[in-house]
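Subject: Structure for you to look at

Hello,

Here is the structure I said I would pass on. My notes follow below it.

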Amino acid sequence: STVFEKTTRPLIDSALAGYATTVFAYGATGSGKTHTMLGNEATGPGVMVLAIEGLFEAMHRAEDESKFELRLSYLEVYNEAIRDLLAPADAEPPTGHGLSLRQEAGGKIQVVGLTEHSPSDTREVLQMLEAGNERRAVSETAANAASSRSHAVLQLELRRSARAAGVTEEQQLGKLTLVDLAGSERGSVSRNRGATLHEGTNINRSLLALGNCINALSSGRSMHHVPYRDSKLTRLLKTSLEGDTKTVMIATVSPAPCCLEDTHNTLKYARRAKEIKVAAEARVVSVEHHVSKYLALISELQAEVSVWKA
């Protein structure tokens with residue numbers, strides 16, 4: 001709860017105001033990333049759950065003046081393949097063939113074939129989150145009994161407009177991205193073999209690519225090449241690390257003596273991330289509706305009046 005209030009709570013109002021926002025947890029395997037982001041029944045909800053609850057509470061407080069459209073997606077990057085954690089079982093691509101990435105006009109990265117959902121309340125979102133987590137790749141290592149073997153990315157895209165808008169209206173396009181990264185691993189600690197060793201290699205490769213991007217962005221040289229294309233993870237997080245996105249990195253560390261080197265590396269990683277400079281701007285678009293929009297608007301207002309009279 002304290003971590004959420006200090007890191008993520010301010011981003012909820014920013015997302016409602018039309019800003020793109022991102023929160024991700026980074027640290028070595030077993031340091032508490034998934035616990036921080038998801039929580040559990042014994043110690044309470046994590047950042048992801050609290051952020052979802054906070055977002056719906058904020059939308060409810062503003063519903064007299066504003067109306068909202070919410071779209072949700074949940075994916076994982078596993079062995080450099082993108083998997084939709086909310087897709088129907090019969091819609092999944094063949095094993096080893098993940099969804100592809102496409103860069104659209106304006107630089108937006110789109111995951112081709114990713115399903116999007118429109119939940120109406122917190123309960124529905126949490127059910128989706130739970131269903132997605134059950135399908136996420138997890139296995140046991142010597143360092144962690146339930147080690148996440150993939151990077152999970154939950155995205156909530158929000159479109160906000162005024163209830164009393166006419167034919168021309170302004171819409172605020174906000175986004176809240178919540179990322180639970182897999183933990184970096186050292187073979188001497190995790191003692192991985194076979195498929196698990198292969199997974200750990202891919203995890204470290206993508207985290208190295210992320211570290212290289214952070215190094216390039218924190219260097220302060222505007223023309224410095226940033227290697228986003230080195231991994232699927234960095235391509236997905238491209239807009240979260242640069243440009244107009246408000247981003248928070250939560251670094252998790254373990255007090256165990258065996259994790260001293262990992263703790264040191266994580267803190268260096270976090271220090272470099274703090275050097276990244278961004279200029280966040282709200283995304284607001286003006287939409288022109290047909291005159292027939294007035295008929296729909298009148299019907300909506302009449303329905304609201306009926307509810308209040310009842």
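This is a predicted model. Helix α10 runs over residues 260-274, and at 1.5 Å a residue its 15 residues should span 21 Å, which agrees with the 21 Å between its end C-alpha atoms. Asp262, Thr263, Thr266, Tyr269, Ala270 and Ala273 are buried in α10. Viewed down the axis of α10, these buried residues fall within an arc of 125°, so they line one face of the helix. An α-helix has 3.6 residues a turn, so residues three or four places apart point the same way. Leu260 and Arg271 are exposed, on the face of α10 turned away from its buried side.

There are two cavities of 30 Å³ or more. α10 gives the most to its lining, with three residues; the lining residues include Asp262, Thr263 and Thr266, along with Cys259 and Ser254. By class, this lining has three nonpolar, seven polar and one charged residues.

The second largest cavity has a volume of about 40 Å³. Among the residues that line this cavity are Tyr78, Glu80, Arg149, His151 and Asn202. β4 (66-78) and α7 (194-218) are the elements that give two or more residues to the lining, and α7 has the largest share, three residues. The lining divides into three nonpolar, five polar and two charged residues.

On the cysteines: the structure holds zero disulfides. The sulfur of Cys259 is 3.8 Å from the closest cysteine sulfur, in Cys258, which is too far for a bond. Cys259 counts as buried at 14% relative accessibility, and Cys213 is buried at 0%.

Regards

Terms used
Residues numbered from 1 in each chain as written. Predicted model: local features only at pLDDT ≥ 70, side-chain atom pairs only at ≥ 80, totals over all residues. Heavy atoms only, no water. Helix = DSSP H or I, 4+ residues; strand = E, 2+ residues; numbered from the N terminus. Expected span 1.5 Å × (residues − 1). Buried < 20%, exposed > 50% of the residue type's maximum accessible area, 1.4 Å probe, protein only. Arc of directions from axis to C-beta. Disulfide = S-S within 2.5 Å. 1 Å grid on protein atoms, 1.4 Å probe; cavity = no way out; pocket = protein on both sides within 12 Å on 5 of 7 lines; lining within 4 Å. Points joined across faces, edges and corners; volume = space filled by probe spheres on them. Nonpolar A, V, L, I, M, F, W, Y, C, P; charged D, E, K, R; others polar.
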